[in-house]
Amino acid sequence: MKTMRYQIKDPQGIHARPAGLLAREAKAFDSEITIAKDGNAVNCTRLMAVMGLGIHCGDTVTITAKGADEDAAIAGIGAFLRKNL
């Protein structure tokens, strides 16, 4: 299991468009990828669940990948977050 933390820098936080892009990115990996905020964790591939976390600018999220390609998953999701959020 691999974990990373990231502080959201996008002024709008994670709303519908970036949540959809994040879900699509997470589906590219075989590992189970979760995103957590304030102790609540959801599967990254579930758009509405990600939006339900209410992630705003300045919030710190924890990404966890568990599976065969967890190293690649953490690297890929980390790159996505740095580029888009």
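## Exercises on a predicted model

The mean positions of the 11 positive and 9 negative charges of the protein lie 5 Å apart. Lys and Arg count as positive, Asp and Glu as negative, with His and the chain ends not counted. Each charge is placed at NZ of Lys, CZ of Arg, CG of Asp or CD of Glu.

This is a predicted model: local features need pLDDT of at least 70, side-chain atom pairs count only at pLDDT 80 or more, and totals for chains, interfaces and linings use all residues. Residues are numbered from 1 along each chain as its sequence is written, and side-chain values use heavy atoms, without hydrogens and water.

**Exercise 1.** Work out the order of the elements of the protein.

*Solution.* Take DSSP runs: helices are H or I, at least four residues; strands are E, at least two. The protein has three helices and four strands. From the N terminus, they run β-α-β-β-α-β-α. The radius of gyration, over C-alpha atoms, is 11 Å; the globule rule gives 12 Å for 85 residues, so the protein is as compact as a globular protein of that length. That rule is 2.2 Å times the number of residues to the power 0.38.
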